[in-house]
Amino acid sequence: MSPREAYVLLEDGARFEGFAVGADRPAVAEVVFTTSMAGYQETVSDPSYAGQLIAFSFPQIGNYGARADAMESDRVHARAVIMRAAVDRADAPGAVAGWCEWLTAQGIPAITDVDTRALVRHLRDAGSMRGGVFPGSVPEGEARALIEAEPAMSGRDLAGEVTPAETIVLEPTGAPTDRAAVRIAMVDTGVKRSIVENLRARGAIVELHPCADDGAALTASHPDAIFLANGPGDPAALGHVVATVRSLVGKLPVYGICLGHQLLCRAVGLETYKLPFGHHGANHPVKDLTTGRTEITSQNHGFAVLGPGGARTIENDEPVRWETEFGAAELTHINLYDRTVEGLRLLDVQGSTVQYHPEAGPGPNDARYLFDRFVDEIAAAAINH
Amino acid sequence: MPRRDDIHKILLLGSGPIVIGQAAEFDYSGTQACRVLRQEGYEVVLVNSNPATIMTDPEVANTTYIEPLLTGPVTQVIERERPDALLPTLGGQTALNLAKALHEDGTLHKYGVELIGADYEAIDRAEDRERFRDTMAAAGLRVPKSFIATSLQNAYDALPVLGLPFIVRPAFTLGGTGGGVVRSEQDIDRVVGAGLAASPIGQVLIEESVLGWGEFELEVMRDRSDNVVIVCSIENLDPMGVHTGDSVTVAPQQTLPDRLYQQLRDQAIAVIRAVGVETGGSNVQFAVNPHTEEIVVIEMNPRVSRSSALASKATGFPIAKIAARLAVGYTLQEIPNDITQATPASFEPALDYCVVKWPRFAFEKFPGAEDELTTHMKSVGEAMSLGRTFKEAFAKALRSRELDTAPGSPDGEEELLALTARPGAARFDHLLEALRRGVSPALLNQRTSINPWFLEELAELVREPGAATGPIPAAGVRTYKSVDTCAAEFAARTPYYYSSGERPGPDGAPTHEVDRGERPSVIILGSGPNRIGQGIEFDYCCVHAAETVRESGRDAVMVNCNPETVSTDYDTSDRLYFEPLTLEDVIAVCELERPEGVVVQFGGQTPLKLAAGLHEAGIPILGTSIDAIDLAEDRSRFGGLLQSLGYSAPPFATARCAEDALQRAPEVGFPLLVRPSYVLGGRAMEIVYDLAGLEDYLRRVHRGSDPDHPGGSTIYLDRFLEDSIEVDVDALCDGEDVWIAGIMQHVEEAGIHSGDSACVLPPHTLGEEMLERIKEQTIGIARALGVVGLLNVQFAIHGDEQLFVIEANPRASRTVPFVSKAIGLPLAKLACRVMLGEPLATLGLPEDDGEDRSSHVCVKEAVLPFSRFAGADSLLGPEMRSTGEVMGIAEDFPTAFAKAQAAAGARLPQSGTVFITVADGDKPAATGIASALQELDFDVIATRGTAQALRRMGIRATAINKIGEGPDNVVDRIVRGQVDLVINTPTGTRARSDGYEIRAAAVARGIPCITTISGGMAAARAITAARRSEPRVVSLQELHGTAV
């Protein structure tokens, strides 16, 4: 079979040629790149990538096939996959299918042979933008129209596409040694399986709630804490979730990861903004200001929280404090690459969040300790309650 | 945490001579460390016995000692210099072992020297097998089941638990020396015995076999605040069982799913914490069973290693530089990433390309040696290549190896499959051939245990037309991309490039990332993978060329593919192209760079082979012209030139074929030095003594006409001047004026390759008149050739008076670094300035008025790898076989020679038993040696004939049995450790194999074995000098009056 021509077109007109290796249809969305060198399947099945096209900067993707244990949700959320050298082999130990074959079966368009480094450099300089992956048969004019029709990422509510229809309750998988199980109500804006598994492994009962649930629905089963999940889209577009969270802050401990971090921050009156090309990868250094340790983190976000005085970056490695509508917040984590806010805690009410992904999947496990910290705090609060 | 200000003076130990398992990578790491520590305001004292290193350039450290890396000399250095701290983690295993010894003998404590980087406990926990195993178990990590054995019986006892096969790893040896695999009970005595003998503490680890599992390495960095990052993961294509230095490897790892890789990462971090390496880089090796996902920790090096150098070059993360900063107190976060200049070093590099490392072997130099690859490292160098995909990087690595001849594969399928299953130097060539012939990856996986992913990729590679040989396998155009540590997430400031076949931009042109700028550039071609005859000396010269080009206001552009070197540090040049050194790849760089010229004089044979092709492509060659190179290399042209100058040369002839050679041989006269034209660097060069010997040679070596090598059937015949003294001269010439930099007299007589011979500067026995003639003829040759740059001339002095020109090489010679260190002037830099147009007269060189003002004698000694190649003869000959060199500096020749011997690892005994057996012609001369040694109270034993000759001269020599003459023969005595020094010269004709077993036994026991009379005389004088007093250490800065 001769290779099927395909191309990537960006909204600014930049075009990159390649061959189609997935579903044979156009896909349009915001184009982002990730520098993670492994974990491609975890990446595409991460609901946070809903509404995005993923370009992998690592050239060979698909080396160990598609595996049953590498899913971060029940399906692929990325709208298409852009690669330099797709590998399609089913014979790797533990593989259930070849990578391209699997993407095709999932109905996901994919393109290979693209000069992804040139594409990444373009996005780095020009910022993330809309674009698409198109079969070679689609005329460029038509492709451009499809891109124009796609709404911009800023202001988009994509959580509704990935949230469960009704609440799911999951029992712990690990027993806490010295305390009773804690009950966590998760606002599921597209939670990754690894987050849920990390909480369950530490003895938590996890309820996954549709993100439209109000405060009453979230607290109906008397949870010990609210957990705000990761997820796709612009936190500013999720006013209803922010309002729900706001109603619960101070009443129950609130924790969050990624989008959840942004939602809690907005709920206490802090602002979020869009990063030029986001953080997507598995090698960003983040400093835990409570211990002074640097950890290598898994990152996947396009928006970030503004620091004290509305600053985008923070100059010193200090646990600076700033006022929220619920009292003081203290910086707990800072990104050493671009000095943006990576985590904070509320001092006057119980709440703590991080922007990055302590659950890894894919990426390093350095920050797993955060789940211990979070669950310990929740358990301690439950006893005092 | 900021830098420590409680320490001011830091002692750094180098790794000594280049040997297998410890190569130029430690020059790279040590040089980086010296520079960084000085930038930080520390005073740096360096000890290294290897003159061919950038780190021993007098301006790199504050005080530089070229002294043996032994406790005696280093204690003297500590006594004189009183350093506050010793940094032992950047000089390989040699430095680590030495630091350990200095701790154990109380020296460090006595002088209040603190070990920084890794303390004694951490070193011991990582290096002592038993402690390591216990440490891992305590950290909850799995290691292969194993036992410590200090006797053969221990091994037999462990057998029921371990099963077969099992692995033998001796404690405290370099690159796994003496290790092996026991496949059957019958192997135990041999393999375990060798391991016990190789370990300085007589201890081996015998462990459960994980043969066939995947092998992975992680490069780990840790700082004082316990922050840890993984710089790079490396996956071996060869499964467990082959030393990682001998494996083809790829970075980053390719086949592990993320979840499993993260487990390795977690474990690597747990290992460095458990061992307790406080700061700096370490390397952790794992075996992974891809089916069960079991992980076992194999070993860890608590120091910067060969893999660290590879990881640095593969990622752009300068491990040694950062390790040095961490050792003086900085944290990773406080150190900026050079490449982005915007982000800190506390991150993990993200690659958007693939790196393949290929080992370079030299088995052809060691006939008789087993070429099976085991846990005992045998490669002499390596090439690295970068490509966007594994296939591309692999194909580039194939080109980068620079093999003299492509390995051939057998016709039979079963035979071919057997070769793929057995790890050997050409394993992957056989694998590619099998795939070409249609053998399935699945079958190859069964036979080799190589991960199917690699086999499938290689199967695709052989299906792509021209892929394995052509520069660009994919549909695309050659595009230069940068290595930036971050997969383009941030803008790179450091110009480190590789080429890749990539789709062109919208205008159809390649989208290069190279910012060429406006300044004129000069391209320096590096020396490619290290191999015997093509070593670190040439990299040293290339680095000097780059520095000189930069100082001249031009951009220095380096092209090289050797990851172990200083030249491939992105700091060395203005732009680094990490590319194979083939004509096509180099011309492509030239097309982009449009250089003012290309320097081919400094990188040894590698760039010289490209000179004619570059010239034809219209690319300017700097310095000596192509025609002059040809004039010096073409035997008839050069012969004519010598004749016109009135200089003598040994009779020679060029034969077209074997028959022609036999016919011409008598005209030239025996003995003959004979070699085929198709190989370089003394390969296949032999001395034959009669027609029968020549016939035998032609049968073994000559391969007749070969269409691939036009003129390949040519045979060179030279009269061999027996018993003559060889002399090497290095000189500079600007086309007109000539400056003699150094005259070196060889210690071994002619017939030993100059690279393997010890040499002395200034000459120790030549008269003034002879020196004048040597200078005069060197000047004459330099002018006649029109040399612009460096010239090396080799002479032979036959009898008392006759001077013969052996050859002239208008390029950097192997002795350039040695001469530079001896005379205190940077010869390669001066040559480069001449090549860039400066006349000699303006360089401010000292005038030669015939007076010898040198206060010291310098001896260069070669280091030979025989202990690595069981089965190969340790005899020196016209074919070069040394891997490295050391230098001894002292006020007199015997002391300098003794220092050089000690530095080379063949420390001469000061008392004991000497065994002498020499050829008949050598017997009179041997008497002098024997009598000198007897006066020093040595017991002299000898074979019957030699003993008789000695006794006649009044020496009390005891006769002992030859091999086969009965019990208690010479080999038995050597094996039992009853002999301390062996002097064995081969007999004249074809008896060169007679002493083979004696020499092999001596090499195996690490007993100095001298194979020439002149070497024996020098040894006797050196022992006399050493008995008088311990040689004093002296710094280069004192020597050349530049001490501050």
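This is a predicted model: local features need pLDDT of at least 70, side-chain atom pairs count only at pLDDT 80 or more; totals for chains, interfaces and linings use all residues.
**View 1. Chain A as a whole.**
Chain A contains ten helices and 22 strands. Its radius of gyration is 21 Å, close to the 21 Å that the globule rule gives for 385 residues, so chain A is as compact as a globular protein of that length. The C-alpha trace spans about 70 × 45 × 40 Å along the principal axes of chain A. Of the 385 residues, 61% count as buried. Now take the contacts in chain A with a separation of 6 or more. Residues 24 or more positions apart account for 74% of them.

**View 2. Where chain A touches chain B.**
This contact draws on 45 residues from chain A and 44 residues from chain B. On the chain A side, four elements each supply at least two residues: strand 2 (15-20), helix 3 (116-126), strand 17 (272-288) and strand 18 (294-305). What classes of residue make up the side of chain A that touches chain B? There are 18 nonpolar, twelve polar and 15 charged residues.

**View 3. Chain B as a whole.**
Chain B has 33 helices and 38 strands. A compact globule of 1044 residues would have a radius of gyration near 31 Å; chain B has 28 Å, which agrees. Its C-alpha atoms fill a box of roughly 75 × 70 × 70 Å along the principal axes. Of the 1044 residues of chain B, 60% count as buried. Take the contacts in chain B between residues at least 6 apart in sequence: 70% of these join residues at least 24 apart.

**View 4. A six-stranded mixed sheet in chain B.**
Strands of a sheet pair through backbone hydrogen bonds, either parallel or antiparallel. Here six strands of chain B form an open sheet, in the order 17-18-21-20-19-22. The pairing is mixed. Which strands stand at the edges? They are strand 17 (477-482) and strand 22 (597-599) of chain B, and each pairs on one side only. On average, neighbouring strands of this sheet are turned by 30° against each other, direction ignored.

**View 5. Strands 19 and 22 of chain B, with helix 17.**
Strand 19 (residues 521-525) and strand 22 of chain B run parallel, joined by three bridges. Look for B:V522: its bridge partner in strand 22 of chain B is B:G597. Helix 17 (residues 536-551) of chain B packs on the sheet. This helix touches strand 19, strand 20 (555-560) and strand 22 of chain B. The direction of helix 17 makes about 175° with that of strand 19 of chain B.

**View 6. A seven-stranded antiparallel sheet in chain B.**
Seven strands of chain B form an open sheet in the order 31-30-27-28-29-32-33. The pairing is antiparallel. Strand 31 (802-809) and strand 33 (884-890) of chain B stand at the edges. Each has a single partner strand, so one side of each is left without a neighbour in the sheet. Neighbouring strands of this sheet are turned by 25° against each other on average, direction ignored.

**View 7. Strands 27 and 28 of chain B, with helix 24.**
Strand 27 (residues 725-734) and strand 28 (residues 738-746) of chain B run antiparallel. Seven bridges join them. B:A731 stands opposite B:I740 in strand 28 of chain B. Helix 24 (residues 768-785) of chain B lies across strand 27, strand 28, strand 30 (788-798) and strand 31 of chain B. Helix 24 runs at about 130° to strand 28 of chain B.

**View 8. Helix 9 of chain B and the residue that follows.**
Helix 9 (residues 258-275) of chain B has 18 residues. From its first C-alpha to its last, the helix reaches 26 Å, close to the 26 Å expected at 1.5 Å a residue. Is helix 9 of chain B largely enclosed or largely open? Of its 18 residues, 13 are buried, so helix 9 is largely enclosed by the rest of the structure. B:G276 follows helix 9 of chain B, and its phi is positive, near 90°.

**View 9. B:L662 and its contacts.**
B:L662 lies in helix 22 (residues 658-668) of chain B. Why does B:L662 count as partly exposed? The reason is that 16 other C-beta atoms lie within 10 Å of B:L662, between the 12 or fewer of an exposed residue and the 20 or more of a buried one. Leaving aside neighbours within four places in sequence, B:L662 is in contact with B:L691, B:L694 and B:E695. B:L662 and B:L694 are 32 residues apart along the chain, and 7.3 Å separates their C-alpha atoms.

How values were computed
Residues are numbered from 1 along each chain as its sequence is written. Chains are lettered from A and ligands numbered from 1 in the order in which they are written. Two residues are in contact if their C-beta atoms, placed from the backbone, lie within 7 Å. Ala, Val, Leu, Ile, Met, Phe, Trp, Tyr, Cys and Pro count as nonpolar, Asp, Glu, Lys and Arg as charged, and the others, Gly among them, as polar. The radius of gyration is taken over C-alpha atoms; the globule rule is 2.2 Å times the number of residues to the power 0.38. Two strands pair if DSSP finds at least two bridges between them. Axes are lines fitted to C-alpha atoms, for helices over the stretch in contact, and angles run from 0 to 180 degrees between N-to-C directions. The expected span of a helix is 1.5 Å times one less than its number of residues.
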